[in-house]
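Here's a walk through a two-part model, one piece at a time. Keep the structure open beside you and click along as you read.

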Amino acid sequence: MMRLKVKVNRGFFHILAALILWTSIAPIAALMSTKPWVYGALSALFIVTATVVMVSRHRVQGGRVSVLQSSLFLFACLTVTIAPITALVALARYFPIQYSALAALYVLGIVGLVVAAIAHLRRGIIEHRRGQGARQDISPSRSTSA
Amino acid sequence: MANNQRRLRAGLAAIVAFSLVVCPLAWAGGRGAPARAAGRGQIDFTPDVLLLQVTPTPAGIPITPVVSPTSPFPAAVVMIGGQPFPFCEGFSDASGIPIGPTETDYTEQYGYAAVVGQPNMVLMWIPGASGRLYMLARADDPNFSGPMGFTHYLSALRESEEATQDQFGEAALPVFGLAGIFLAGCLESAGVGCIVATGLAIGGLLYGGLSTAGVMLTRFLPAVMDALDAFYFLDLHCP
C-alpha cells in the first residue's frame with residue numbers, strides 16, 4: 001500500500017505548491033523579524049521559485065505520485081501547526097483577538113490544503129484500485145478463453 | 001456430705017461478704033486518708049524565692065512622625081491637557097494624554113511612554129478585558145523602574161518574544177527541505193533517499209514546532225504573567 005503509486009491530476013501539485021507557500025509564510029516572517037532581512041528575502045525567493053517550477057512542470061497534466069512520499073509530505077506540513085496551535089491554546093487570553101485570528105487562519109489554511117490534497121490522493125487510490133479490479137476481471141476471462 | 005458442702009458455701013459467702021465490706025474500708029483508710037484529712041485544714045505555705053528586684057522600664061526613644069515621600073502630583077488625579085486622569089489607578093481611555101517615545105514589547109500590547117509636559121511621569125499599558133488598560137505612574141517609582149519593576153519585566157517579555165520568534169524562524173529551514181523535496185521530484189518516487197530526506201524534514205519541523213511551543217510555555221508565558229503582576233503591583237503599592 002505504502003509503495004503504491006497513484007495517478008493524480010495537476011490540481012494535486014497546485015495544492016502542494018500552495019501548501020508550501022502558505023506553510024513557509026510564518027517561519028519566514030519570524031526569520032525576517034529576528035535575522036537580517038536578506039535571509040528572509042532569499043528564503044522567500046527560494047520557496048517561490050520552487051513552487052513556480054513545480055506548478056509549471058505540472059501545468060497541463062498530472063502525474064503519478066508515491067502514496068508514502070505524499071503522505072509524509074502532508075504530515076510534515078501539518079507539524080508546522082504545533083507552534084501556532086500552542087499559541088492559540090495557551091496564550092490567546094493575553095493577546096488581542098487579531099493575533100489569535102491570524103494564528104487560527106494560518107492553521108486552518110494548512111489543514112484545509114492538506115485535506116484537499118488528501119482528497120486528491122484518495123481519488124487517485126480509488127481509481128487505481130478500480131483499475132486493478134478491472135484487470136483482475138479481465139485476466140480470468142482471458143484464461144478461460146485460452 | 002451435703003451438709004459439709006452447704007457449710008462450705010455458707011463459709012465462702014461469709015468471706016465474700018466480709019471482704020466486700022472490709023476491703024473498701026481498708027482502702028479508704030490507707031494512703032489517701034491523711035492527705036484528705038490534711039486538705040480539710042489550713043495550709044500555710046511560704047515560697048522559698050528571693051524577692052525580685054523590679055527595674056523601671058527605660059523611656060522610649062522619641063520617634064519622629066513618618067512622612068511619606070512627597071508626590072510630585074498634588075492628588076490622585078492629574079490634570080493633563082485640561083482633562084482629569086487618575087494617578088496610579090487603571091483606566092481605559094488615554095486618548096487625551098500626549099506621550100513621547102514608547103517602549104513596548106513586539107506586540108505593542110505591553111509598554112510605557114513618558115508623558116509630554118509632565119516631568120517624572122509615565123503612562124503604562126497592558127491588554128485588558130476590553131481593550132488596553134492604562135496607568136499613570138512616577139518614573140522613579142521602584143515598582144516601575146527598579147530591578148523588580150515594570151520596565152524590567154517588559155524587557156524580559158521582549159527577550160522571550162525574540163526567543164520564540166527565533167525558534168519559530170528556525171523552522172524555515174525544514175520548510176526549505178520540503179520545498180527541495182517537492183522540487184527534486186521526490187513525490188513521484190519512493191526511493192530511500194527521498195524517504196530519508198522527507199524524514200529529516202519532518203524531524204526538523206517536529207523539533208522546531210515542539211521547541212517553539214516549549215519556549216512559549218516556559219519563557220514567554222511566565223514573562224507575560226510577570227509583566228501583568230508588575231503592573232497590578234504598582235497599582236496596589238503606589239506611594
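## Chain A at a glance

Of the 146 residues in chain A, 32% are buried, where buried means 20 or more other C-beta atoms within 10 Å of the residue's own, exposed means 12 or fewer, and partly exposed is anything in between, with C-beta atoms placed from the backbone. Bear in mind that this is a predicted model, in which local features need pLDDT of at least 70, side-chain atom pairs count only at pLDDT 80 or more, and totals for chains, interfaces and linings use all residues. As for labels, residues are numbered from 1 along each chain as its sequence is written, while chains are lettered from A and ligands numbered from 1 in the order in which they are written.

Chain A has five helices and two strands, with helices (H or I, at least four residues) and strands (E, at least two) taken as DSSP runs and numbered from the N terminus. Starting from the N terminus, the order is β-α-α-β-α-α-α. Take the contacts in chain A with a separation of 6 or more: 83% of them are between residues 24 or more positions apart. Contact here means that the C-beta atoms of two residues, placed from the backbone, lie within 7 Å.

## The H1–H2 pair

How do helices H1 and H2 of chain A pack, and at what angle? H1 (residues 10-34) and H2 (residues 37-57) sit with their axes 10 Å apart, at an angle of about 180 degrees. The axes are lines fitted to C-alpha atoms, for helices over the stretch in contact, and angles run from 0 to 180 degrees between N-to-C directions. That makes H1(A) roughly antiparallel to H2(A) (under 35 degrees is roughly parallel, over 145 roughly antiparallel, 65 to 115 roughly perpendicular, and the rest oblique).

On the H1(A) side, the residues that meet H2(A) include Phe13(A), Ile20(A), Leu21(A) and Leu31(A). Among their counterparts in H2(A) are Trp37(A), Tyr39(A), Ile47(A) and Met54(A). By class, this contact has 14 nonpolar residues, five polar ones and no charged ones. The classes go like this: Ala, Val, Leu, Ile, Met, Phe, Trp, Tyr, Cys and Pro are nonpolar, Asp, Glu, Lys and Arg are charged, and the others, Gly among them, are polar.

## Where A meets B

The contact between the chains draws 42 residues from chain A and 37 residues from chain B. H1(A) gives the most, with 11 residues. Sorted by class, chain A's side has 28 nonpolar, 11 polar and three charged residues.

## Chain B and its sheet

Chain B holds six helices and six strands, running α-α-β-β-β-β-β-β-α-α-α-α along the sequence. Buried residues make up 27% of its 239 residues.

Four of the strands form an open sheet in the order S3-S4-S5-S6 (chain B), paired antiparallel; strands pair if DSSP finds at least two bridges between them. Strand S3 (99-104) and S6 of chain B are at the edges with a single partner strand each, so one side of each has no neighbour in the sheet. On average, neighbouring strands are turned by 25 degrees against each other, direction ignored.

S5(B) and strand S6 (residues 131-138) of chain B share eight bridges in the antiparallel sense, and a hairpin of two residues links S5(B) to S6(B). Pro127(B) has Arg132(B) as its bridge partner in S6(B), and Met121(B) stands opposite Arg138(B).

## Core and loops

Which residues touch the most other members of the largest nonpolar core? Leu123(B), Met124(B) and Ala227(B) do, in a core of 78 residues. Such a core is a set of buried Ala, Val, Leu, Ile, Met, Phe, Trp, Tyr and Cys residues joined through C-beta atoms within 7 Å. Helix H6 (residues 192-236) of chain B supplies the largest share, 14 residues.

Now compare two loop residues. Ile97(B), in the loop between strand S2 (83-86) and S3 of chain B, is buried, because 21 other C-beta atoms lie within 10 Å. Not counting residues up to four places away in sequence, Ile97(B) touches Ile80(B), Phe85(B), Val115(B) and Leu123(B). Pro119(B), in the loop between strand S4 (111-115) and strand S5 (121-128) of chain B, counts as exposed, with 8 C-beta neighbours inside 10 Å.
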